[in-house]
Amino acid sequence: MSTTKSNIIGTDRDYGSLVKEDRVHSSIFTDESVFEDEMERIFHKTWLFALHESEVPKKGDFKLLKLGRFPVIAVRDENEEVQLMINRCRHRGAQVCEATQGNAKSFQCWYHGWTYNTKGDLVGVTGEEAYDKTFDAKDHGLTKVARVDNYRGFIFASHSKEGQSLDDYLGPAKKFIDILIDASPTSEIEVKPGVVSKTMYRGNWKQIGMDGYHPHYVHVSVFKIFSKRESTTGSAVGAIHLEDPFADSSPSLTRGFPNGHAALDFRFQRLPHAKANIEELQQTEDGRKYVEDMIERYGQEHAEELIAWHGDPHLGVFPNLQLIHDHIRVVIPVSPSETQVLMYPVFLKGVGQEINNKRLRSHEAFYGPASNGSPDDAEIFERVQRGLEGDPDRWVMLARGMNREKSDSDGTVSALISDEITQRAQMQEWKRLMTED
């Protein structure tokens, strides 16, 4: 798909003029030069989600990632620490690992045989006698990602050596990540790197956001099916069977956080159904055990809340992570008009197999390659991209609900479920990062 270059950008890169309080200029979705600057100013600067630590559980387990432009190896080294290293030989630049995942004691470059251990140290050089005495293997290990930090098993990375801490970056969004993790009675989740749904769509990466306005229209046929089914309590996807969570008359909210994070907050819509959820779970042995273990771990009141929330924060962590229903979603920009999305089902630890089976089946039904929900989203993203290429009036409206925003004490802003607080929060962070020195 072709890209266009807007006159509003010009040679001075006036990105501040492209994002207003209530609208954004469509060139930020279509312009090749904007995309290149996004890679440098956002994806090579701020924190990015890398992986969940359970994806590399044993020594030598590795997985390949892409963080911004850079190919990365994530590997658990001999000291049980997770290393993130650029997948590039320090000799002539070839990738030293080609398998997408596996277990290895070392990584050897296929070009000239240089070998690196799981810490990234250069431990083998072919024909080393040809180098003079100034050559020191210690200076030629694999390049490490500049900063790596961990929040409750979620590993984030930044290519920038300086910047705000991960704790400050996540801010009040942390308590929404907790909703997912604490759905387990042991406060542990598991992500399997080989279990993933992959989607590639011809649209811009910023189109993927928390949007509570579209389901009544994009997913109308799916909702008609849901209305005729019995509840599937125990799954976050199934929670939308209980009633319409996307009606402005519901207690559901949109929520914007500092640093561009955003959520569709279904907590208040789901809480009244807590006792009914528990009653349904108690009809099976695994369900009864789950309820008992949750109450023992968190106490009666909080356990009921967590069970009602189904481990679904419906959270977008800017710029590349979303925690939606029963999965972790990673957004990978490829070009202005092409985006890859990886969706990893989340399994709860400390629960019976029936609980995780139900979560996985529900994920597959709505988000899998033959599902009834996710293909709708990919199709509408592509239609948006095609439309943005052709309209001479280049402004995109994001004004819905500006007159009914409410500020909370924790720094978040909320409004009704169909309001565009989430898009405004993301685009204001985009503007801040793109205009910062």
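The structure is a predicted model, in which local features need pLDDT of at least 70, side-chain atom pairs count only at pLDDT 80 or more, and totals for chains, interfaces and linings use all residues. Residues are numbered from 1 along each chain as its sequence is written, and side-chain values use heavy atoms, leaving out hydrogens and water.

Let's start inside. A nonpolar core is a set of buried Ala, Val, Leu, Ile, Met, Phe, Trp, Tyr and Cys residues joined through side-chain atoms within 4.5 Å. Buried means under 20% relative accessible area, with a 1.4 Å probe and protein chains only. The largest nonpolar core has 51 residues, and I28, L51, L84 and W430 touch the most other members. Helix α2 (residues 32-43) gives the largest share of this core, five residues. Helices here are DSSP runs of H or I with at least four residues, strands are runs of E with at least two, and both are numbered from the N terminus.

Beyond its neighbours within four places in sequence, I28 is in contact (heavy atoms within 4.5 Å) with L18, V34, E38, N204, K206, M427 and W430.

Now for the pockets. On a 1 Å grid over the protein atoms alone, a pocket is an open set of points where a 1.4 Å probe fits, with protein on both sides within 12 Å along at least five of seven lines; lining residues have an atom within 4 Å of a point. A volume is the space filled by probe spheres set on the points, which are joined across faces, edges and corners.

| Largest | about 930 Å³ | 41 residues |

Which residues lie closest to the centre of the largest pocket? They are Q207, G209, D211, H214 and F381. Helix α12 supplies the largest share of this lining, seven residues.

Technical notes
Buried means under 20% relative accessible area, exposed over 50%, partly exposed in between (1.4 Å probe, protein chains only).
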